[in-house]
Amino acid sequence: MTIHKPPLGFNTWNTFGRDISEDLIKEMADAMVETGLKDLGYEYLVIDDCWSEKQRDSEGRLIASKEKFPNGMKVVADYVHSKGLKFGMYSCLGTMTCDAYPGSFNHEYLDAKTFAEWGIDFLKYDYCYRPKNVPGPDLYRKMALALKNSGRDILFSACSWGHDQTEDWIDTTGANMWRVTGDIKDSWQHIKNLAKKSISVGNRNWINCFADLDMLIVGMKGKGFCALTGCTEEEYRTHFTFWALMGSPLMIGCDIREMDEETKNILFNKEILAINQDSELNRPFIINSCDDMSDPEDTYTYVKILEDGSLAVGFFNFTDTKAYRFVTEELLGLSADIPLEYTVKDLWSGEEIKPVNTTIYAEIPPHGCRLYKITPKI
Ligand code: GAL
């Protein structure tokens with residue numbers, strides 16, 4: 001299957017961890033529709049680890065936990081589909097999943113067939129318990145092939161946490177998205193570490209093989225399975241903006257039944273979602289005071305050229321003090337040989353920013369960001 005835009009959706013892991021069930025998934029499906037998330041394009045509902053029985057059946061097939069999913073997975077998939085959503089599940093290329101449920105090693109074709117029969121549209125595939133002598137890339141390729149031959153279009157989401165230089169081989173495996181980093185937790189330190197890991201890897205984001213910076217923690221506020229300290233509104237905004245601008249898949253991880261206004265303001269920002277989903281998928285480039293990627297001051301300015309001829313300019317401040325940054329028309333390619341007007345809109349405040357002479361300034365709070373959309377008018 002070919003996907004042309006970063007997938008958007010919800011995944012159970014960050015908030016619910018092992019505590020998943022048929023009822024929960026149905027409630028999440030309802031909430032995705034009722035809150036308007038579906039209309040914004042969040043279409044995948046993904047069950048993470050811990051959904052199966054600890055043993056396969058006598059024919060080697062995976063079975064859904066009888067306690068958590070008493071009616072089996074097909075019923076759950078049918079419900080999710082009845083809401084106009086797509087349904088995702090989880091397995092692992094090793095002998096066990098990361099939480100010690102059966103993995104798909106040496107069962108790839110049977111599992112792909114089982115998933116297709118249940119009606120899944122998305123498979124997240126983890127990297128735990130890999131037999132030492134078997135290379136990870138081979139196992140991703142094998143499952144990708146099994147899925148392609150399963151008789152159903154199934155998006156393949158690789159989750160090797162950037163290990164073994166994933167960026168060098170993942171686009172040869174048939175994976176549709178790939179995890180750049182280790183696991184996110186609900187803290188500013190995690191947002192910062194993951195963003196910086198992705199900066200150092202260099203945003204290897206391909207159409208049909210999207211670089212996944214991990215599920216969102218926006219709105220968790222210190223509650224749920226991967227909760228830590230929680231983050232401020234400013235920090236969640238920086239997190240969402242960075243992920244969106246880099247073209248990462250955006251999989252919500254908070255409890256979407258209980259989103260407050262602050263959380264909705266972030267996850268529902270249509271203009272920022274549009275930048276994430278921009279069809280040209282141009283790689284953002286960095287403009288900085290330093291010419292290498294590791295700005296000692298931990299502030300980064302990224303520019304992404306959009307399909308409609310406008311620019312998205314993101315200023316990110318990962319430091320603990322306020323920062324001032326600017327971009328010039330010249331750096332942006334806007335110093336024109338014919339009269340050229342343009343508007344600059346702050347996509348969080350909605351305000352119009354006035355350039356000073358030929359320079360656009362931004363004041364960025366600690367842990368904060370600014371995202372400007374610059375639209376030429378010719
Ligand atoms: C990790 C993965 C997490 C989650 C977890 C489940 O390896 O990175 O996103 O899927 O396993 O056990």
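## Ground rules

Is Cys226 buried or exposed? Cys226 counts as buried, with a relative accessibility of 3%. Here buried means under 20% relative accessible area, exposed over 50%, and partly exposed in between (1.4 Å probe, protein chains only).

Keep in mind that this is a predicted model, where local features need pLDDT of at least 70, side-chain atom pairs count only at pLDDT 80 or more, and totals for chains, interfaces and linings use all residues. Residues are numbered from 1 along each chain as its sequence is written, and side-chain values use heavy atoms, with hydrogens and water left out.

## The bonded pair

A disulfide is taken as a pair of cysteine sulfur atoms within 2.5 Å, and that rule gives a count of one. The partners are Cys98 and Cys128, with 2.1 Å between their sulfur atoms. The link of Cys98 and Cys128 is right-handed, at 100° about the S-S bond.

Cys98 sits in the loop between strand 3 (86–92) and helix 4 (108–118), and Cys128 in the loop between strand 4 (122–126) and helix 5 (136–148), so the pair ties together parts 30 residues apart in sequence. Those helices (H or I, at least four residues) and strands (E, at least two) are DSSP runs, numbered from the N terminus. As for accessibility, Cys98 is partly exposed at 29%, while Cys128 is buried at 15%.

Cys369 is buried, at 3% relative accessibility.
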